[in-house]
Amino acid sequence: MSYLLFQASLFLYVLGTAAYIVAFVNQSKTVRRSARLLIITAAVVHTGTVVLRYVEAGHTPLVNNHEAVSFFALSMAWAFLSFYWRYKVKNLGTFVTPVLTGLMLVSAFSSRQIPELPPALRSTWLPIHASIAILANGFLALAFCGAVMYLLQERAIKKKSFGVFFSRLPSLEALDTLNHHCLTVGFPLLTLGIITGSIWAEQAWGSYWHWDPKETWSLITWFLYAALLHQRFTVGWRGRRAAIMAIVGFSAVLFTFWGVTYLLQGVHTYAG
Amino acid sequence: MADTILVLGVNHKTTPVEVREKLAFSGDCSTPLLAIHALPGCQECCLLSTCNRVEVYFVARNREETERQLRAFLFAQAGLPESETHRYVYVHQGADAVHHIFRVAGSLDSMIVGEPQILGQLKDAYQKACDQATCGVIMNKLLTKAFSVAKRIRTETNIGSSAVSISYAAVELAKKIFGDLRGKRVMLVGAGEMAELAAEHLVNQGIAKVVVANRTLERAMNLARRFNGSAVTLDELVGELVGVDILISSTGAPGLVLLKDQVKPVMRQRRHSPLFLIDIAVPRDLDPRLNDIDNVYLYDIDDLNQVVETNKAERDKEAVRAERIASEETMKFLQWLETMEITPTIIAIREKAEAIRSAELARTMSQLGDIPPKQKKAIEVLTSSIINKILHDPILFLKNGQASQDDKAQRLDLTRRLFGLDREQPPAGKPPAA
C-alpha cells in the first residue's frame with residue numbers, strides 16, 4: 001500500500017519537474033503555478049507514504065537505502081516549499097525538482113523490502129538521529145541548487161552573455177541570501193545530527209566516537225560548512241567563492257550519504 | 001446603413017517630420033477636437049497628437065465626405081495641395097481601424113515597440129474627448145477596450161520588460177546584481193550628461209545616497225545638489241569606494257582614472273560586497289581588468305549597447321504574441337459592434353408591436369364597456385402572447401449567429417423595411433448621446 005503511494009508521489013514529482021522546466025523555458029506564470037501545486041501535492045502524498053511505511057514496518061522507515069533516500073527527497077521537498085513562502089526566488093523550482101526527482105528515482109530502484117531491524121538500531125535514537133541528519137541534507141541540497149544558480153547567473157553577468165539564464169534567474173543578491181539561509185538552517189541540523197549520533201553511539205557501543213568512516217566523513221563535511229559559515233560571518237565571504245564552497249560541501253554530504261556506505265566499511269554499513 | 005469606425009492620420013513611418021510638425025496640435029486640443037466633431041457626418045471623434053503621430057479616430061455616417069473634409073482640416077496649416085496629402089495620410093476602416101487603434105494602444109505601432117508612453121498619451125486624448133463630449137457609445141467602448149487590450153499585452157507578454165536605452169540597461173543590470181536598489185549608494189565620477197541621466201534613473205529606483213567626484217569641486221557640488229548628495233574631489237575617489245555600491249564614470253580624462261590594483265584592497269574593506277562599475281566614457285575611464293576581481297562587475301559603453309540590442313531583439317519576439325492578442329481582441333470588439341446594431345432593431349420591433357397592441361386594446365376595451373377585471377386581464381395576456389409568438393421567429397432570424405457580415409447587414413436591412421421601422425424611428429446604430 002505504501003509503495004502505491006510512493007509511486008503516486010514519484011509520478012507527481014516527475015510531472016512537477018516537467019512543468020517547472022516548461023515554465024522555465026516559456027516563462028509562463030500559469031504553468032509555474034501548476035508546477036508548484038503538483039510539488040505540494042507530491043510532498044503531501046509522499047509524507048503519507050512515509051507514515052504508512054512506518055505503520056507497515058513497525059519501526060522508523062529510515063533504515064535501508066530506499067527509505068533513507070526517499071526521506072532525503074522528502075526533506076528537500078519540504079525545505080524547498082518552506083523557503084518558497086519566505087523568499088521569492090524565481091525559477092528555484094526548475095533547479096530543485098530535478099535533483100528531487102533524481103533522488104526519488106534512486107529510491108525507486110533500490111530494494112523496497114522492509115528490512116529486519118538489526119539489534120543495534122532498536123533505539124529511540126533512530127528516528128531522532130536519522131531524521132535530523134537527513135533533514136540537514138535536505139537544506140544543504142537546497143543550498144547546492146542555489147549555488148549552481150548563483151554560478152550560472154554570475155557567469156552571465158561577468159561574461160556579459162545575456163542568454164537563457166540572465167533573464168530567467170533571479171538577482172545575485174537573492175541567490176546569495178537563499179544560500180545563506182539554507183546554510184544557517186542546514187548547518188545547525190547537521191551539528192545536531194552529529195551530536196545525537198554520538199550520544200546514541202555512546203549508548204550502543206560505549207563510546208562517543210569511533211572514527212568510523214561515516215563519522216569521519218560527517219566530521220569533514222561539518223568542517224567544510226563550518227569554515228564556509230565562519231568566512232561568511234567574519235571576512236564577509238560571499239558570491240562565487242561561497243557558492244563553490246556550498247557545492248563542495250554538498251559533494252561531501254553525498255559522499256557521506258552513499259560513498260561511505262558503498263565504498264568504505266564501518267559500523268554504519270547496515271544501510272545498504 | 002450603420003456608422004463606420006475610421007482612423008485617419010499620419011505617423012513617423014508615413015510622413016516626414018517637416019510635415020508632421022505642421023500638423024501637431026500642441027497644447028490645447030479642445031478647439032480642433034470640436035472643429036472635427038462639427039464636420040458633416042462625424043458622429044463621434046477623438047484626436048491623438050504626439051510627437052510621432054497625429055491621428056483622428058472617428059465614427060462617420062458619410063465616410064468619403066467626412067474623410068475629405070477632415071483631411072482638408074488637418075492639412076489647412078501645412079499648405080499642401082490635396083493630391084499631396086494623399087501621399088502621407090493613411091485611412092483605416094472598420095475592422096482595420098479597430099485593429100490599428102489596439103496596436104497603437106499596445107505600443108506595437110510605436111517607433112520603439114513596447115515603450116509605455118503612448119498609452120498615457122492615448123488616455124489623455126480620450127479624457128479631452130470626454131471633456132468636450134465628442135465621444136459616444138462606440139468611441140467610449142472602443143477606447144476603454146483599447147486600454148484593456150494594452151494592459152493585457154503588458155501582462156501577458158514581456159514586451160515592455162527589458163530596457164532599450166543605455167541608462168535603463170544600467171538599472172536593469174544593477175537589479176540583477178543587487179536585487180532591490182533601495183538603500184544602495186551611487187557615485188558619479190565626472191559630470192557627463194549620460195552619467196546624470198543614468199543616475200537619475202537609479203535615484204528613481206530608491207537609491208539612498210549619491211556622491212559626486214569631479215576634477216573641479218565646484219562642478220561636483222552643483223551636480224550633487226541636484227541629487228541631494230555630497231561632493232568629493234577625484235583624489236578622494238579610491239577612499240570613497242568603500243561605501244559605494246554602484247559607480248558611474250564619465251570623465252573626459254584621456255587615461256584611466258581607476259586601476260585594478262587600487263580597487264583590489266578596497267574589496268576586503270568592503271567585506272566583498274558587490275561593486276557595479278559603469279564606464280560610459282570614451283576613451284574609457286576604468287581599467288578593463290577590474291572585471292577580473294571577484295564580486296566586481298564592470299560594464300563599458302559597448303557592453304551596455306549590447307544589452308540594449310539583445311533586449312530589442314527580445315521585444316520583437318514578444319511583439320508577435322502581442323499582435324495575436326490585438327487581433328483576437330479586434331474580433332471580440334467587432335462581435336460587440338454587431339450586437340450593438342441588432343439590439344436597437346429588436347427593441348424597435350418590440351416597441352412598435354407593443355404600441356400597436358396597447359392602442360388596439362384600448363380601443364376594443366372602450367367598445368366592450370364594463371367587463372370583469374378577470375376577463376380584462378385574460379384579454380391582455382392573450383394579446384401579449386400573440387405578439388410575442390409572432391415576433392419570436394423574426395427575432396431569431398435577426399440574431400442568427402452563423403450569418404456572415406454581409407448576410408447580417410442584409411437581414412438587418414430587410415427586417416427594418418419589413419417592419420417599417422425607419423419611417424418613424426431614427427436609423428439603427430445611431431448612438432445615444434454619451
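How many cavities of 30 Å³ or more does the count come to? I got six cavities of 30 Å³ or more. I kept in mind throughout that this is a predicted model.

**Entry: one of the cavities**

I picked the second largest cavity, and its volume came out at about 100 Å³. Next I listed its lining. Ser2(A), Tyr3(A) and Phe6(A) line this cavity, along with Thr49(A), Val50(A) and Arg53(A). Pro61(A), Leu62(A), His66(A), Glu67(A), Ser70(A) and Phe71(A) complete the lining.

Which helices of chain A each supply at least two residues of that lining? I noted α1 (2–26), α2 (29–57) and α3 (65–86) of chain A. The largest share belongs to α3(A), with four residues. Sorted by class, I had six nonpolar, four polar and two charged residues in the lining.

**Entry: a helix pair in chain A**

I then turned to helix α7 (residues 172–205) of chain A and helix α8 (residues 213–234) of chain A. They pack at an angle of about 145 degrees, and their axes are 10 Å apart. I recorded the crossing of α7(A) and α8(A) as left-handed.

Which residues meet here? On the α7(A) side I found, among them, Asp176(A), His180(A), Leu183(A), Phe187(A), Leu190(A) and Ile194(A). On the α8(A) side the contact includes Glu215(A), Trp222(A), Tyr225(A), Leu229(A), Arg232(A) and Phe233(A). By class, the residues of this contact divide into 11 nonpolar, six polar and three charged.

**Entry: confidence**

I checked the chains in turn. Chain A averages a pLDDT of 90, and 97% of its residues score at least 70.

For chain B I wrote down a mean pLDDT of 85, with 93% of the residues at 70 or more. Its highest element mean, 94, is that of helix α5 (residues 95–105) of chain B, whereas helix α16 (residues 421–424) of chain B has the lowest, 65.

Where in chain B does pLDDT stay under 50? I found that stretch at residues 424–434 of chain B, for which the model has 21 contacts beyond four places in sequence. A reminder to myself: where pLDDT is low, the predicted coordinates should not be read in detail.

Technical notes. Residues are numbered from 1 along each chain as its sequence is written. Chains are lettered from A and ligands numbered from 1 in the order in which they are written. This is a predicted model: local features need pLDDT of at least 70, side-chain atom pairs count only at pLDDT 80 or more; totals for chains, interfaces and linings use all residues. Side-chain values use heavy atoms; hydrogens and water are left out. pLDDT is the predictor's confidence in each residue, from 0 to 100. Contact means heavy atoms within 4.5 Å. Axes are lines fitted to C-alpha atoms, for helices over the stretch in contact, and angles run from 0 to 180 degrees between N-to-C directions. A crossing is left-handed if the near helix is turned anticlockwise from the far one by less than a right angle, and right-handed if clockwise. Ala, Val, Leu, Ile, Met, Phe, Trp, Tyr, Cys and Pro count as nonpolar, Asp, Glu, Lys and Arg as charged, and the others, Gly among them, as polar. On a 1 Å grid over the protein atoms alone, a cavity is a set of points where a 1.4 Å probe fits but cannot get out, and a pocket is an open set with protein on both sides within 12 Å along at least five of seven lines; lining residues have an atom within 4 Å of a point. Grid points are joined across faces, edges and corners, and a volume is the space filled by probe spheres set on the points.
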